[in-house]
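Me: I would like to go through some of the terms applied to this protein and see what each one rests on.

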Amino acid sequence: MVPETRLNLEAALDALSAGGEGAHCTKDAYGNDYVWYVLPTPRRLPQAAKIMAEAGARLTMITAYNKKRLTDPVQDVAYHFEVDKSVIYTVTITLDQEWPAVASITPIFPNADWHEREMRELYAVQVDGHPNPRRLFLDDDIEEGILGEAVPLSIMMNGACTTDLWEKILQDRARAEEKSAAAQASANPEEARS
C-alpha cells in the first residue's frame, strides 16, 4: 500500500474511532501489520466499511464474541479487512442494551452475507437491513443464538477446551437440574413435603 494512501485510510478510521483513542498497531514475525480500531458506536460501522471499500480492502472475516460472562447482554463484533495482502485492519464494535443491533455491510461487501447470517443464527446478533436474512444451518424451529448459550466460541477459543470447558458444561447442567427441581417442587408442593 502506498504510504500516503495508508495514512489517509488510518486518518479516516481514527476520526471514526473517536480520534484514534481506540486504535493500536502490532506487527507479526513476518512484518505484516495489524491495525485495530474500536468504534464508539455501531452506527459508525457502515462509514468504516465504506472507507475500507474505497481503500480497496477485502473483508476476510467477521467475528462475534462475548468477552464477558454468558449472562451479560454485551456482544462484540470484529470486522477484519485485508489491504494489499500485508495489512489487516480490524474494526470492532460493541453491541449492548443501548445499541443492540448492527447495520448490514453486505451491500458494501457482498461476502459479508454468510458472516452476518451466521452471527444472527448462531449468536443472536441482530443485523439490520440484511438483504437475505434466511438461516444457513439451523432449522427454523431452533431458537436464534442457541449455540452461544451452549458453548460460546469465545470460551472455546480462549483455551478452555479441556478441564475448564467440561467444568463449565457440568456447572451449567447442575444449575439447570436445580432450576428444574425447584420448579417441580413449587408446582407440586405436596410431593416436595413427602
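Me: Why is threonine 90 called buried?
Reply: Buried means under 20% relative accessible area, with exposed over 50% and partly exposed in between (1.4 Å probe, protein chains only); threonine 90 has 2% relative accessibility and therefore counts as buried. This is a predicted model, in which local features need pLDDT of at least 70 and side-chain atom pairs count only at pLDDT 80 or more, while totals for chains, interfaces and linings use all residues. Residues are numbered from 1 along each chain as its sequence is written, and side-chain values use heavy atoms, leaving out hydrogens and water.

Me: What does threonine 90 touch, not counting residues up to four places away in sequence?
Reply: Taking contact as heavy atoms within 4.5 Å, threonine 90 touches Val35, Trp36, Tyr37, Ala78, Tyr79 and His80. Threonine 90 itself lies in strand E5, residues 87–95, where strands (E, at least two residues) and helices (H or I, at least four) are DSSP runs numbered from the N terminus.

Me: How do you know that the span of helix H3 agrees with its number of residues?
Reply: The expected span is 1.5 Å times one less than the number of residues; for the 12 residues of H3 (residues 112–123) that gives 16 Å, and the end C-alpha atoms are 16 Å apart, so the two agree.
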